[in-house]
Amino acid sequence: MSALQQGLSVSAMSAQAPDKTDPLRHLDFTGSCRELSRPRREARRLRCVPGTWDRYLGSNPPEQLNPFIRWVFAQAGLHAAGYRSAVLQRRLSSCLRALRASGVEEARAILERDPSRLNVAINALLVGVTEFFRDPVVFDDLRRIISSLARGGRLRIWSAACAQGQELYSLALMLAELNLLSGSDLLGTDCRADAIAWACRGEYARLEIRSIRPVLREKWFIPVKERPERVRVATDLRRYTRWQVDDLLRGVQPGPWDLICWRNHAIYLAPETTRAVWRRLVRELRPGGLLLTGRAEGPDRALPLTRVAGCIYRKR
Ligand SMILES: C[S@@+](CC[C@H](N)C(=O)[O-])C[C@H]1O[C@@H](n2cnc3c(N)ncnc32)[C@H](O)[C@@H]1O
């Protein structure tokens, strides 16, 4: 049995049947859960098994990392040794393609001649895949729990390694639908300047929001004039968000945060780096605050956290 299958079967034992009496069921943002059969839904929920990716992604010693990649990271002020070198290594050919270079020597010469193309190299080396309401089951779980965080005041939410912003806007939309957005402070950070510039603009291809329920699309996304294939996140969501270029491996955003969302980034980092980041994030969470993780990621058991749903942990 593969590690992934093992993870599924172990966790499947604790699967919970969807609650048909849930009063917030009408706030199913993507509608995708309804399309899945119950066994598939449970399987998806239970792919939230920390550590299942370790064996797939591998973790070469940093000294095996291609010197060109190390050099690119150093030029960008990033710490290549903090990443799983096998993952970075696999991105090398995309990076060369993006720079239109036939090899690493030519790529380096291009970057030395024109350092403004460093963004192109970094964008290719770091995986920036994201989407609105990525893993809808996680958002389903969160919307059931999140009101317990509000305590009548404004919420402080941080999406660390937020990519192009879809994750934080999904949270903003969810809070708005739950009447919890007003006065809240939502911060998105990523080390890629291009990603943050994109997030700030809040403009996306219409195709990217196709999984969001039509009624919510109409309400929260505005067609962009003269660009019918694009939409912009409504000002009523954008006004509560702020964005910052920031290297998570260098430090964390000072808390206390009610919710920290760190998803689908830890899997690319060296295990010891990941442990250090989890520790720092948990320190910045307020007691009772929530940590949202990716499906295959999970913080150390030694941290003062209680798992309250598949990918959601509460600080004790
Ligand atoms: C796969 S995306 C995940 C985006 C989003 N959290 C999600 O789950 O859909 C990983 C993001 O981590 C960012 N990243 C990589 N290294 C980082 C670092 N040292 N500090 C901050 N962000 C980083 C990448 O730029 C990329 O946008």
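Hi everyone, let's start with a pair of helices: H10 (residues 136-145) and H12 (residues 166-177) pack at an angle of about 40°, with their axes 11 Å apart. The axes here are lines fitted to C-alpha atoms over the stretch in contact, and angles run from 0 to 180 degrees between N-to-C directions. H10 and H12 are therefore oblique to each other; angles under 35 degrees count as roughly parallel, over 145 as roughly antiparallel, 65 to 115 as roughly perpendicular, and the rest as oblique. Their crossing is right-handed, a term for the near helix being turned clockwise from the far one by less than a right angle.

Who touches whom? On H10 we find Phe139, Leu142 and Arg143, and on H12 Ser170, Leu171 and Met174. Contact means heavy atoms within 4.5 Å. By class, that makes 4 nonpolar, 1 polar and 1 charged residues. Ala, Val, Leu, Ile, Met, Phe, Trp, Tyr, Cys and Pro count as nonpolar, Asp, Glu, Lys and Arg as charged, and the others, Gly among them, as polar.

A quick word on the source: this is a predicted model, where local features need pLDDT of at least 70, side-chain atom pairs count only at pLDDT 80 or more, and totals for chains, interfaces and linings use all residues. Residues are numbered from 1 along each chain as its sequence is written, and side-chain values use heavy atoms, leaving out hydrogens and water.

Now the second pair. Helices H7 (residues 92-99) and H9 (residues 118-125) pack at about 150°, with axes 8 Å apart. H7 and H9 are therefore roughly antiparallel to each other, and H7 passes H9 in a right-handed crossing. Leu92, Ser94, Cys95, Ala98 and Leu99 of H7 meet Val120, Ala121, Ala124 and Leu125 of H9. Here the classes are 8 nonpolar, 1 polar and no charged residues.

Is Leu181 buried or exposed? At 4% relative accessibility, Leu181 counts as buried, where buried means under 20% relative accessible area, exposed over 50%, and partly exposed in between (1.4 Å probe, protein chains only). Leaving aside residues up to four places away in sequence, Leu181 touches Ala172, Leu175, Ala176, Leu186, Asp236, Leu237 and Tyr240.

Finally, the whole chain. It has 16 helices and 10 strands, which are DSSP runs (H or I, at least four residues, for helices; E, at least two, for strands) numbered from the N terminus. Of its 316 residues, 55% are buried.
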